Amino acid sequence: MAEGRGRRASWRRAGGTLLRVITVWAVSTLTMLALAGILPDFQLQSDDKESLTSVAVTAVWGAGAFGLLSALVWPLAVRALLLVPALVLGLLVFFLNGSLLLVALSLIPDGRGESDPQTAVVVAAVMSAVASTTSTAFAVRDDEAYRRRLSRLAQRRRGGRRDEGRHGMPGTLFLQLDGLGHDTLRRALDDGLMPTVANLVEPEGSFVPSHRLTPWRTDWSSQTGASQLGILHGSNHDVPAFRWYEKETGRTMVCSSPASTAELQQRAIERTGDGGLLTYDGASRGNLFSGGADQLALVLSIAARRGPNNRSRAGYFAYFSDPANAVRTAMSFVAEVVREIRSSVRSRLRKETPRIGRGGFYPFIRAFATVIERDVVVAAVIGDLLAGRTAIYADLVAYDEVAHHSGPRSQDAEKILRRLDRSLALLVKVAEHAPRAYRVVLLSDHGQSPGETFQGRFGLTLRDYVRASCGLPIPRRAEHTKSGSEARDAVRIALHRPPAGTEEEQPPSAVSGSDPIVLASGNLGLVSFPDLPGRASREEIDRRHPALLRMLAGHPGIGFVLVRSEAYGAVVLGPGGSEIPLPELRDGEGPLQHFGKGAADAIRRTDTFPHTADLMINSVYDPETGQVHAFEEQIGSHGGLGGEQTRPFLLWPLALSEPVPEGAELVGAQAVHQVLRRWLRECQGPQVPLGAAQDSLSKVPDEGGFPATDRAVQNEKA
């Protein structure tokens, strides 16, 4: 009897699949007929005397051939195009779809189908979008069938292996909303911008909250490189900033460079003796570091390696292999470019302040972060959920990128928060159909502090001000300090160009001789003297440049300067000639009067790093406005001390234990790592020591371990 029921269920599923195929084919045929009537350069008949039946048969042929070619040829075409930059791949989608339509028309008997290339691109885009919408409508009506389909695809990509025993344990999804501070999140919840998150923390009616929200405090280096390395690998020792200069090698380390992130990950593994948070059946999606996971997609620390299976661009294949996904994402990409140009023009016309330049290539960078990266990462996580992976860590960078250029409290940033909330709602819905229960943890790696740039406020970049204070010439024409956002450098890497600020971009005079090297990390500046071995002392700097330290400490845009003294050890210099030895430094006093709790300890910890710069310069912070002055072109910044940038959030299910005892404060990314590791143990997903994970950097990762799905593309509502 059970066998009979199984056969009947199989027949029902087969019948449902056949019905979906016929319906999509029929809708595509009707779409082709409609377009043939609307577009003069698209024809389905050889002359005006053909009957309507003949034209309809031609449309049936054309729609069927186009659908079959899309299913068979598209995945192969996308795999071949992995040799081109990922950003270009998205822009070639329309051309490829149009080419497939022209081939499909050529297969119609008697040559009745005809179109010029430009019209073919339009027709193919419309037909793919309509077919995708129809297929999605069927999936929404039959969630169980949809889940079974994706589960089979995910299992097939795992080689057919099953692990029935683990499915009784809950999995954990860690979703990082990059750059979203605790206070900004609270305002978004109060304003109704993120209803999905609000329903977790403060559900409507008499429902009991399922999650709890708390802030945590970053290290002095409040940026993704330091925070995510500490969260995923348990150590961010010797990461003093987003970029810094290492004298012994002459290298500029940059936290958005594949070579630098690979080196930092290896250093963390060697220091902790552990592969990372995700070493047991883990997946790392869209992150700077792997966390020891076997399943990797868009992970920067492996992007420097070349090979057929481990190129960073390979993570796009499983998503773009579905032509409907590719077309819809490409259309959303174009819409986002237009949206950014319109917003930038409106900002200039209204003369909004603070404001920075958002022209040139930036609209495409924003669209890359807010559309392509988001869609690919969300699709990857959907595949992980339906495959039942034990631990998933994914990073969505859209808010961070937009807040850098539009401001963390701008309308543009608020719209991004709405879209991120919809992404979360989709993942929560998919998790309901996963083969195991999932506990969803939301967190951020840092916040953002608003404010006019240092150059915009005072007329000089930090580099030029340092050179002038040293008596060195400065350029007659003002030069902007390049932004160090992760999305900008991700695009540069996709286009085979080095990230901004790496040694490949340093002018010869900046990496040799006695000229100081000045680097920016948000509102944290670093000055190194390459010809002075080790960490230069205050006395050495005073002998060479007598006015430099006095000019820096007395500048109205600079809060304090950390420098090593031969007489007193490390000291903090501040306004009015204040000079405080590091052991005597106290929160809320002297130069740290406005920087809040924990600032002194954060400075003391950074002072112990081997690669702390000769001078560590933090901008001034205004507690009334919450503003800082970034040393690079950002009106929403992070990287140093001051304001919301040091207060990210952690939102966790009440089924898990409290992060810290009541009344205590969660401080530092390394402490967050320990909390997340404890929660994985509570979910009965034990983490293994280094052991077999020691070679995690040398493994060939599986970057294509998720199915391409119609529902992975986000709804582009404003």
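Because the model is predicted, local features were required to have pLDDT of at least 70 and side-chain atom pairs pLDDT 80 or more, whereas totals for chains, interfaces and linings use all residues. Residues are numbered from 1 along each chain as its sequence is written, and side-chain values use heavy atoms, with hydrogens and water left out.

Helices (H or I, at least four residues) and strands (E, at least two) are DSSP runs numbered from the N terminus. Strands are taken as paired if DSSP finds at least two bridges between them. On this basis, six strands form an open sheet with antiparallel pairing, in the order E12-E13-E17-E14-E15-E16. Strands E12 (517–521) and E16 (579–581) stand at the edges with a single partner strand each, so one side of each has no neighbour in the sheet. With direction ignored, neighbouring strands of this sheet are turned by 20° against each other on average. Within the sheet, strand E14 (residues 558–565) is joined to the antiparallel strand E15 (residues 569–573) by five bridges; Arg 564 stands opposite Ala 570 in E15.

Axes are lines fitted to C-alpha atoms, for helices over the stretch in contact, and angles between N-to-C directions run from 0 to 180 degrees. Helix H17 (residues 462–469) lies across E12, strand E13 (524–528) and strand E17 (615–619), at about 150° to E12. Helix H21 (residues 599–607) lies across E14, E15 and E17 and runs at about 40° to E14. Residues are classed as buried under 20% relative accessible area, exposed over 50% and partly exposed in between (1.4 Å probe, protein chains only). Six of the eight residues of H17 are buried, so this helix is largely enclosed by the rest of the structure. The buried residues are Leu 462, Asp 464, Tyr 465, Val 466, Arg 467 and Ser 469. They pack against helix H16 (454–458), E12, E13, helix H20 (548–553) and E17, contact being defined as heavy atoms within 4.5 Å. Gly 471, which follows H17, has a positive phi near 80°.

Helices H14 (residues 398–406) and H15 (residues 411–431) pack at an angle of about 175°, with their axes 9 Å apart. The two are therefore roughly antiparallel (angles over 145 degrees; under 35 count as roughly parallel, 65 to 115 as roughly perpendicular and the rest as oblique). The contact is made by Ala 398, Tyr 399, Val 402 and Ser 406 of H14 together with Asp 412, Ala 413, Ile 416, Leu 417 and Leu 420 of H15.

Rings of Phe, Tyr and Trp (its six-membered ring) pair if their centres lie within 6.5 Å; planes under 30 degrees apart count as stacked, over 60 as edge-to-face and the rest as tilted. Phe 560 lies in strand E14 and Phe 595 in the loop between E16 and H21, 35 residues apart. Phe 560 is buried at 0% relative accessibility, and Phe 595 is buried at 11%. For Phe 595 and Tyr 621, the ring centres are 6.1 Å apart and the planes at 45°, so the pair is tilted. Tyr 621 belongs to strand E18 (residues 621–622), so this pair ties together parts that are 26 residues apart in sequence. Tyr 621 is also buried. Trp 220, Phe 560, Phe 595 and Tyr 621 form one aromatic cluster.
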